[in-house]
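Welcome! Please take a moment with the sequence and the 3D view, and then let us walk through them together.

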Amino acid sequence: MKQTSLSRYVKSMRKQYNLTQVELSEKSGVGLRFIREMEQGKSTLRLDKVNQILNLFGSEVGVVQINKNNS
């Protein structure tokens, strides 16, 4: 698995809040395996669980509009 911006963000925030993966799992209500897979950059993740984790850091994943130029 390749680290993504999401996986780097979660790992960085977890460390900033001085949390272990186990503590993040307990505080977010998400399984430890999910935390580990997320930090490792698993390509498919349940959005509701991702947001459970991100909510602890005052963030969430949402729709972002992108501009596509049809040249």
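## A first look at the fold

From one end of the sequence to the other, the protein chain follows the pattern α-α-α-α. In other words, the protein chain has four helices and zero strands; helices (H or I, at least four residues) and strands (E, at least two) are DSSP runs, numbered from the N terminus. This is a predicted model, in which local features need pLDDT of at least 70 and side-chain atom pairs count only at pLDDT 80 or more, while totals for chains, interfaces and linings use all residues. Residues are numbered from 1 along each chain as its sequence is written, and side-chain values use heavy atoms, with hydrogens and water left out.

Taken along the principal axes, the C-alpha atoms of the protein chain fill a box of roughly 50 × 25 × 20 Å. The protein chain has 71 residues, and buried residues make up 28% of them. Buried here means under 20% relative accessible area, exposed means over 50%, and partly exposed lies in between (1.4 Å probe, protein chains only). Among contacts in the protein chain between residues at least 6 apart in sequence, 53% join residues at least 24 apart; a contact means heavy atoms within 4.5 Å.

Let us start with helix 4, which spans residues 47-55. Which of its residues are buried? They are Val50, Asn51, Ile53 and Leu54. Looking down the axis of helix 4, you find these buried residues within an arc of 160 degrees, so they line one face of the helix. The arc is that of the directions from the helix axis to the C-beta atoms. The cover over the buried residues of helix 4 includes helix 1 (5-16), helix 2 (21-28) and helix 3 (32-40).

Two of these pairings can be set side by side. Axes are lines fitted to C-alpha atoms, for helices over the stretch in contact, and angles run from 0 to 180 degrees between N-to-C directions.

| Helix pair | Axes come within | Crossing angle |
|---|---|---|
| Helix 1 and helix 4 | 11 Å | roughly 35 degrees |
| Helix 3 and helix 4 | 11 Å | roughly 90 degrees |

With its crossing at roughly 90 degrees, helix 3 is therefore roughly perpendicular to helix 4 (angles under 35 degrees count as roughly parallel, over 145 as roughly antiparallel, 65 to 115 as roughly perpendicular and the rest as oblique). On the helix 3 side, the contact is made by Phe34, Ile35 and Met38, and on the helix 4 side by Lys49, Val50 and Ile53. By class, the residues of this contact of helix 3 with helix 4 are five nonpolar, no polar and one charged. Ala, Val, Leu, Ile, Met, Phe, Trp, Tyr, Cys and Pro count as nonpolar, Asp, Glu, Lys and Arg as charged, and the others, Gly among them, as polar.

What about the other pair? Helix 1 and helix 4 have a left-handed crossing, meaning that the near helix is turned anticlockwise from the far one by less than a right angle. Here Leu6, Tyr9 and Val10 of helix 1 meet Val50, Ile53 and Leu54 of helix 4. The contact of helix 1 with helix 4 has six nonpolar, no polar and no charged residues.

Helix 3 has its own set of buried residues: Phe34, Ile35, Glu37, Met38 and Glu39. Helix 1, helix 2 and helix 4 are among what covers them.

Is glutamate 37 buried or exposed? At 16% relative accessibility, glutamate 37 counts as buried. Setting aside neighbours within four places in sequence, glutamate 37 is in contact with Met1 and Lys42.

Methionine 1 sits in the segment before helix 1 and is exposed, with a relative accessible area of 65%. Not counting residues up to four places away in sequence, methionine 1 touches Glu37, Gln40, Gly41 and Lys42. One of these, glycine 41, follows helix 3 and has a positive phi, near 90 degrees.

## Two loop residues

In the loop between helix 1 and helix 2 you will find asparagine 18, which is exposed at a relative accessible area of 66%. Most residues other than glycine have a negative phi. Asparagine 18, although not a glycine, has a positive phi of about 55 degrees.

Glycine 29 lies in the loop between helix 2 and helix 3, and it is exposed, with a relative accessible area of 58%. The C-alpha atoms of glycine 29 and leucine 19 are ten residues apart along the chain and separated by 14 Å.
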